[in-house]
Amino acid sequence: PVCSMGNSTSRLYSALAKTLSSGAVSQHQDCLEQADSAQLDPIDPKDLLEECQMVLQKRPPRFHRNFVDVRKNSASNQRPIRVMQWNILAQALGEGKDNFVQCPMEALKWEERKCLILEEILEYKPDVLCLQEVDHYFDTFEPLLSRLGYQCTFFPKPWSPCLDVEQNNGPDGCALFFLKDRFELINSANIRLTAMKLKTNQVAIVQTLKCTETGRLLCVAVTHLKARMGWERFRSAQGCDLLQNLKSITQGAEIPLIICGDFNAEPTEEVYKEFSNSSLNLNSAYKLLSPDGQSEPPYTTWKIRPSGECRHTLDYIWYSQHALNVNSALGLLTEEQIGPNRLPSFNYPSDHLSLVCDFSFNQDPDRLL
């Protein structure tokens, strides 16, 4: 059933309501064959945010998070580029496989959880949005975000675990969105990651964009590496494969690079060290929130499973530190905000926190490594 939303009969509500009644895999192909969403009327983000808040009116209010200014230099006159990284939790996995023992099933209902996800995106208004565990791309994210002015790309996992769940909505995968009034797409690559020369179930999307205001090129990648303990060498091999691809695409870092991902790896893992020490001269943006600028946050995911409490730092925004400056980063939720039952919850739709950074191009474009 569609939630009652007072007297609203807007076309916008009709668009949102259609995405509330998700169907199974059989609808997947129908979505592909429907009229291009870009041909539909644009949506005012304020209107969509209002509609989402009406659906969520019985839930507690969203958590407040502040941006932290981390600039070393004086203010840039460029308009910053806001990048958002988020593993949004695949609906089929949240309801069917992940066993969040302290999270009521009621909190995971797609009709409302979807609005919590959209509310977070609309609140921070990213220019570039990188998502993992997207299993409602064709019926929710592509139709709505394309009408908000985003160009949308999706690359599903070849063997998504979502397909093992009854009444699933198709495979999950990575998705990349960018605002068409800020960027022009120069090229795009969907990469199936390899490990030890074998194709794996993990993927990446890499796009080279041209910033319409500055004329500068920017390469953006989104990925989601293999999960679970015991797969450290596998993740390391996947990371090496992605780095090799990125070296080629960016011509050895001549094009500035931002990589967003759920790496499923703590900073102590080999794959993290590979990215830190890469010839692409990458830094992890969220380290800049630490007092010394050298330490990752204490957690980016916090949940309770039957095996116990899981509190880990797994999500990162890497960037070319020779070509890009981080102006600010969105602070993480505190333990008090997250609460004793951890994530997901009635307040927060995913078991991973969103990461959001504002970037600007280095003023000296000729300075490379």
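## Close-up views of a predicted model

**View 1. Helix 5 passes helix 6 in a right-handed crossing.** In this predicted model, helix 5 spans residues 110-124 and helix 6 spans residues 137-147. The two helices pack at an angle of about 40°, and their axes lie 12 Å apart. Helix 5 contributes Trp 110, Lys 114, Ile 117, Leu 118 and Ile 121 to the contact, while helix 6 contributes Thr 140, Phe 141, Leu 144 and Leu 145. By class, the residues of this contact comprise seven nonpolar, one polar and one charged.

**View 2. Helix 3 meets helix 5 in a left-handed crossing.** Helix 3, formed by residues 45-55, packs with helix 5 at an angle of about 145°. The axes of helix 3 and helix 5 are 9 Å apart. On the side of helix 3, the contact involves Pro 45, Leu 48, Leu 49, Cys 52, Gln 53 and Val 55. These residues meet Glu 111, Glu 112, Cys 115, Leu 118, Glu 119, Leu 122 and Glu 123 of helix 5. The contact of helix 3 with helix 5 divides into eight nonpolar, one polar and four charged residues. Leu 118 of helix 5 takes part in this contact and also in the contact with helix 6.

**View 3. The cysteines of the chain form zero disulfides.** A disulfide is a covalent bond between the sulfur atoms of two cysteines. Cys 357 is in no disulfide, and the nearest cysteine sulfur, that of Cys 260, is 8.1 Å away. For a disulfide, the two sulfur atoms would have to lie within 2.5 Å. Cys 357 is buried, with a relative accessible area of 0%. Cys 103 is likewise buried, and its relative accessible area is 8%. Both values fall in the buried class because that class covers residues under 20% relative accessible area.

View 4. The chain has 369 residues, of which 58% are buried. The accessible surface of the chain comes to about 16,200 Å², and carbon and sulfur atoms account for 49% of this surface. Among contacts between residues at least 6 apart in sequence, 78% join residues at least 24 apart.

Technical notes
Residues numbered from 1 in each chain as written. Predicted model: local features only at pLDDT ≥ 70, side-chain atom pairs only at ≥ 80, totals over all residues. Heavy atoms only, no water. Axes fitted to C-alpha atoms, helices over the stretch in contact; angles between N-to-C directions. Helix = DSSP H or I, 4+ residues; strand = E, 2+ residues; numbered from the N terminus. Left-handed = near helix turned anticlockwise from the far one by under 90°. Contact = heavy atoms within 4.5 Å. Nonpolar A, V, L, I, M, F, W, Y, C, P; charged D, E, K, R; others polar. Buried < 20%, exposed > 50% of the residue type's maximum accessible area, 1.4 Å probe, protein only. Areas by Shrake-Rupley, 256 points an atom, 1.4 Å probe, with all protein chains shown as cover.
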